[in-house]
Amino acid sequence: MKPDTRLGTLEDVRSAFGAATLPIFDRLRALIDRIDPQSTETYSPREKAIYVTLGRGKMTDGYCYVMDQRGRYVNLGFFRGSEVDDPDGLLEGTGKRLRHIKIRSLEAAEAPPVAAMITRARDHMLQLKGRP
């Protein structure tokens with residue numbers, strides 16, 4: 001993924017994660033990079049998160065984020081999750097668009113339905129942007 005360091009660096013974000021959640025964060029980043037190596041990741045140390053986008057806009061171009069939740073688990077969030085099919089029933093949340101998956105272990109981060117959800121979210125954003 002291409003780095004966007006306007007808000008901070010990868011190391012700034014990694015240092016904000018807890019010891020239990022950092023390996024999950026790293027595993028999810030690697031998974032997203034395998035699925036979409038052309039995306040951009042924006043580092044937000046203040047929010048203890050990275051945002052993965054097709055451009056530079058978090059809410060206009062972003063399709064997912066990875067965020068520490070007080071060192072207890074990692075949220076894999078989807079900016080337009082309410083618009084994406086969820087056949088495995090992974091998504092949580094009741095907001096207008098945002099949905100997330102609580103990832104509590106490396107095994108959960110590696111589950112095929114998680115990769116499939118990232119792919120569906122990316123494909124949905126590509127379709128919204130009129131890109132193949």
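1. Let's start with Arg 70, which sits in the loop between β4 and β5 (73-78). Strands here are DSSP runs of E with at least two residues, and helices are runs of H or I with at least four, both numbered from the N terminus. In the hairpin of β4 and β5, with three residues between the strands, Arg 70 takes a positive phi near 55°. Most residues other than glycine have a negative phi. Arg 70 counts as exposed because its relative accessibility is 59%; the cut-offs are over 50% for exposed, under 20% for buried and partly exposed in between, with a 1.4 Å probe and protein chains only.

2. A word on the basis of these comments. This is a predicted model, in which local features need pLDDT of at least 70 and side-chain atom pairs count only at pLDDT 80 or more, while totals for chains, interfaces and linings use all residues. Residues are numbered from 1 along each chain as its sequence is written, and side-chain values use heavy atoms, leaving out hydrogens and water.

3. Lys 48 lies in the loop between β2 and β3 and, although not a glycine, has a positive phi of about 55°. With a relative accessible area of 33%, Lys 48 is therefore partly exposed.

4. Now the sheet as a whole. Six strands make up an open sheet with mixed pairing, in the order β1-β2-β3-β4-β5-β6. β1 (2-4) and β6 (99-103) are the edge strands, each pairing on one side only. From one strand to the next, the twist averages 20°; the axes behind such angles are lines fitted to C-alpha atoms, and angles run from 0 to 180 degrees between N-to-C directions.

5. Strand β4 deserves a paragraph of its own. Eight of the eight residues of β4 are buried, so the strand is largely enclosed by the rest of the structure. On one side, five bridges join β4 (residues 62-69) to β3 (residues 49-53), and the two run antiparallel; strands pair if DSSP finds at least two bridges between them. Gly 62 of β4 is the bridge partner of Thr 53. β4 also pairs with β5, again in the antiparallel sense and over five bridges.

6. In β2 (residues 40-44), please have a look at Thr 42. Thr 42 counts as buried because its relative accessibility is 5%. Its side chain makes a polar contact of 3.2 Å with that of Asp 4; such a contact is a pair of N or O atoms within 3.5 Å, where within protein one must be able to donate a hydrogen and the other to accept it, and residues adjacent in sequence count only if both atoms are side-chain atoms. Beyond neighbours within four places in sequence, Thr 42 is in contact (heavy atoms within 4.5 Å) with Asp 4, Arg 6, Leu 7, Ala 49, Ile 50 and Tyr 51.

7. The whole structure has one cavity of 30 Å³ or more, a cavity being a set of points on a 1 Å grid over the protein atoms alone where a 1.4 Å probe fits but cannot get out. The largest cavity holds about 30 Å³, volume being the space filled by probe spheres set on the points, which are joined across faces, edges and corners. Its lining residues, which have an atom within 4 Å of a point, include Tyr 63, Phe 78, Val 84 and His 124. Helix α5 (residues 112-128) supplies the largest share of this lining, with three residues.

Conventions:
On a 1 Å grid over the protein atoms alone, a cavity is a set of points where a 1.4 Å probe fits but cannot get out, and a pocket is an open set with protein on both sides within 12 Å along at least five of seven lines; lining residues have an atom within 4 Å of a point.
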